[in-house]
Amino acid sequence: MRINGEEHDRAPRPGQCLRTYLREEGCFGVKKGCDTGDCGACTVHVDGVPVHSCLYPAHRAQRRSVTTIEGLKGHPAQQAFLAAQGFQCGFCTAGLIMTTAALTEDQRADLPRTFKGNLCRCTGYRAIADAVAGVVNATTPEPGTAVGANLGAPAGPQVVTGTARYTFDLEVPGVLHMKVLRSPHAHARIAAISVEAALSVPGVEAILTHADAPAKLFSTAQHENAAEDPADTRVLDDVVRFAGQRVAAVVATSEAAAEAGCRAITVEYEVLPSVLDPEAAMAPGAPQLHAAPNNVVGELHATLGDVDAGFAEADAVYEQTFTTARVQHASLETHGAVGWLDDDGRLVIRTSSQTPFLTRRAVAELYDLPADRVRVLTGRVGGGFGGKQEMLVEDLVALAVLRLRRPVKLEYTRAEQFTSATVRHPFKVTLRAGARRDGTLTAMRLRVVADTGAYGNHGPSVMYHGCHESLAVYRCPNKSTDAYAVYTNTVPSGAFRGYGLGQVSFAVESVLDELARQLGIDPVHMREINIVRAGEPLLAPGDHVDDLSIASFGLDQCLSHIRTASSATDPAPPGWLVGDGMAIAMIAAGPPGGHFADATVTVLPGGRYEIAVGTAEFGNGSTTVHAQIAADALGTTPDRICVRQSDTDVVRHDTGAFASTGVVVAGRAVLDAATALHEKILAAGDESIEGMTAAGHFAGSPRSVAFNAQWFRVAVDPQTGEIRILRSVHSADAGTVMNPLQCRGQIEGGVAQALGATLAEHVDIDATGQVTTTGFRQYHLPTFADVPRTEVHFAATTDAIGPLGAKSMSESPFNPVAPALANALRDATGVRFTALPFTRDRVWEGLQRARRSP
Amino acid sequence: MDLNTVADVISPARVGQWRPGDAWLAGGTALFGEPRPHLTRLLDLTTAGWPPVTRREDGLEIAATCTIAELAAAGHDLAERCCHAFLASFKIWNVATVGGNLCAALPAGPMIALGAALDGTCLLQGTEGERTVLVRDFVTGEGMTVLSDGELLRSLHLPAAALAARTAFRQGSLHPHGRSAALLIGRVEDQGLALTVTAATKRPYILKFRAFPSAEVVQIALTERIPEHEYVTDVHGSPTWRRHLTRLYAEQIRQELSA
């Protein structure tokens, strides 16, 4: 086979696909996104023709010429993706560039059709459209003007050449492969496991079962305060509580042998009664999953003011129950880790994680190792969205490495992402709210049931967070909340962009819309009447950490952007129903209870500087902002700054890249370090400054809040249920916008991901608890054709807490999208849709039902 | 993905070589798209050198190994529209084959729609010899065909008369450019109409009307000839909605062809 101009003689294995062969030959730019032909991340050219290498039989390419991203060598498409910054995490980018490089003019003219075989989970595709169109978005700032500039990501040149190194893009000599046998039952006790036959499979080196696992219970969820998350999980358990849970792990010299080993294991299960619905799980006599009574792992019951009195004062009252679906993060890079012992015998784990430091702590505790005997690091991470704020593979890899004292890797398949990772918590939310004739809210009564699945993970924290900012953004004096996080025998729920707020805001913003309708008040004005204002306290029922305040307020500006947007008109197809809808959201800039970041900045030879920071880069862009912050503080340009990151050897501690903290916490630590270094440099006079270093630290408190507002105009075809978004407008209050290009990208990506959850995505579970949507062919991710262009506006504010006046803007754009769309759908059709997602069949059926019972 | 249990590839493969654990390999886009732990050998047909598209007096012969890209470029409008009905992009078209789509026998298979709508026939070859089967009879249910063990699909034949007829095409999906939830093709036949329903139903249904039908006749025929339980229930659209789309598109097609 000729690969990028060079002959490769090694024969592929008979059933091997071209993707894995190319990677084995060192072409790490060829990515595995799905391995089923749906995402296009593995696109290569065979004899000049673009194909998905995961579906291409390797033997067929033997006498052909293959070009991978590594062989493009300065193709205009690479330059175009760099100039446009047509990527975030970059995992899909090589495939997109290889596809773009092969397009005809006709194909370029119809990108929605052309790119149906390329999935990007980060960008929302606007940046990709720009790249194909040759738009130049990135700029090169002058010294001292980096903050506020559209600087491109420092890793951009690596991303577009396929040389950025993700978790598995390195050779680990002698690495063993792990495959996991998973439970077919929703709830069962493992009576016996027979491994003899499996151990006899050639190449199988070890089989791990619950007998090999520590008895300790832990939570896969990662937070600075580990006590936040219920310790209810074992590395391998003798009871399985969801279909897809680990039963045994086989470690072998090849994936083939590991798979054969899994097939050769026989397990005797004692099947236990299971419960799949959270309301049923709370009922008396329901099967119990863990020690928590009634399967309730977290609950909140609290009241502010007098809710009954509030309702008595109301002129309009509306109550409705809303449900949201299980959603998969679908980061294009799956979960996975590779571990080994270094020369000093220290355990090293390279993993696709948002929390290397917390994962090190968790692994060390699990195996009774001192923290300094464990090193956890990441490569570039191929998307996270909260899914990687979780220890889903590292514990098992560590067990195998410690047992065998040899390198071991575990890489999830795409199917395992659906059956055996985590999902967005499905919520059932009932909200009753009342308002006076003038629009003033008098009472809000909230009931929330969040399904945490078989393990607690982030369950209680997501429930608390979901019930806070969603209500606190309104200054209603009487509020009550009853909320439950409940175990069921289903795939566990975990952290996901918005962390509960999106689900509760779907209800709150839909109910506000109905109240405004009843009272004949414009929905934007309804918000203006009721939102909190600068200087006012943020109040929601329950004990919430009191370090949160409005340190800058731009929600009023966001609302006026929305009002301006709605004054224009848009053409719609004849016979279609047209409507407008909007919603708002507020989010805390950082989690309660502490979020720590250490950073150091050091002078390198030749007038260059190095930032060391713990936080991971997965397309969130915090690395870019860190370079901008440091460049301005040091009076230099960002190209003179290099960043070492996400490695427990690099700095003392970093809580992790989650809870919207990359700029406001880690960025603050970088600012402090760079400022301190600059002062030292100034004080040094004529002394040599090379090697001079300074440190910064931030503990993540106090915290401010960021605001978002989304507006849609939709057209609905009553004959088919099709929803077409005629216009999408988003306004965000991010404080000082450190990098408008990136921040816009975060917003566009958040809106696109939320549109997926609003219009398409649902992880389905059958009556026996099995996940039935196990690939991108069953689980529809937004493609280029699904995502409209969103106009993005920023409020002009400067935050009193955040570094240089900045606030968070990564999770929150997700949160107002579903209710804004639901409100537009209501406006167009007259029907209130309460269950996500709004697929065409459900919309059409909803319209039919409404027609039958007006 | 890697099919790790496969120990051998026979290329080019011939009828008679098949044994249990074997799979005929055409493009590979279906075979390599999901785990196949029962497979031990692949019998590669793409190296047999079958000409992809052959124009004959009596119509078009399309080899099973003809790629979707080759068919789309063959200059036949309805065939090209059916190619665009693939969920898969042009990159998959470069590898996936007409025969592979027929043999996968998925309700949404657009080559099944094309073949059924044009009264196409499948040429099957097995150790017992050859036989021809109408496309509409080739697919018997979701993922099921009349192929017996060791038998292979050699080609699809589309008759000249049907290829020359006026047709109308409608496709609906949950998503733009998404997988077909209903794909209907109407063809004027003599003075009447042949209406093919696919994607919405578990197997293709061809409703033939000797005289050009009224709207009412089409709706009654759909109700009477397609049982309720024959509408597909899966994640790509509810059966009620698929039935509705079928009726909606049938009427649109009827109107378009009546003009």
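1. Two strands are said to pair if DSSP finds at least two bridges between them. Helices (H or I, at least four residues) and strands (E, at least two) are DSSP runs, numbered from the N terminus. In these terms, chain B holds an open sheet of 3 strands in the order β1-β3-β2, with parallel pairing. Its edges are β1 (8–10) and β2 (22–25) of chain B; each has a single partner strand, so one side of each is left without a neighbour in the sheet. From one strand to the next, the twist averages 25 degrees; axes are lines fitted to C-alpha atoms, for helices over the stretch in contact, and angles run from 0 to 180 degrees between N-to-C directions.

2. The model is predicted: local features need pLDDT of at least 70 and side-chain atom pairs count only at pLDDT 80 or more, whereas totals for chains, interfaces and linings use all residues. Residues are numbered from 1 along each chain as its sequence is written, while chains are lettered from A and ligands numbered from 1 in the order in which they are written.

3. Within the parallel sheet, β2(B) pairs with β3 (residues 41–44) of chain B over 4 bridges. Ala23(B) lies opposite Leu42(B) in β3(B).

4. A further open sheet, of 4 strands, has the order β11-β12-β13-β14 in chain B, with antiparallel pairing. Here β11 (167–173) and β14 (205–209) of chain B stand at the edges with a single partner strand each, so one side of each is left without a neighbour in the sheet. Neighbouring strands of this sheet are turned against each other by 10 degrees on average, direction ignored. β11(B) and β12 (residues 180–189) of chain B are joined in the antiparallel sense by 7 bridges, and Ala168(B) stands opposite Gly186(B) in β12(B).

5. Chain B as a whole has 9 helices and 14 strands. Of its 259 residues, 53% count as buried, that is, with 20 or more other C-beta atoms, placed from the backbone, within 10 Å of their own.

6. As to the interface, 38 residues of chain B are in contact with 44 residues of chain A, contact being defined as C-beta atoms, placed from the backbone, within 7 Å. β1, α3 (90–93) and α9 (239–258) of chain B each supply at least two residues of the side that touches chain A. The largest share of that side, 5 residues, comes from α9(B).

Terms used. Two residues are in contact if their C-beta atoms, placed from the backbone, lie within 7 Å. A residue is buried if 20 or more other C-beta atoms lie within 10 Å of its own, exposed if 12 or fewer, and partly exposed in between; C-beta atoms are placed from the backbone.
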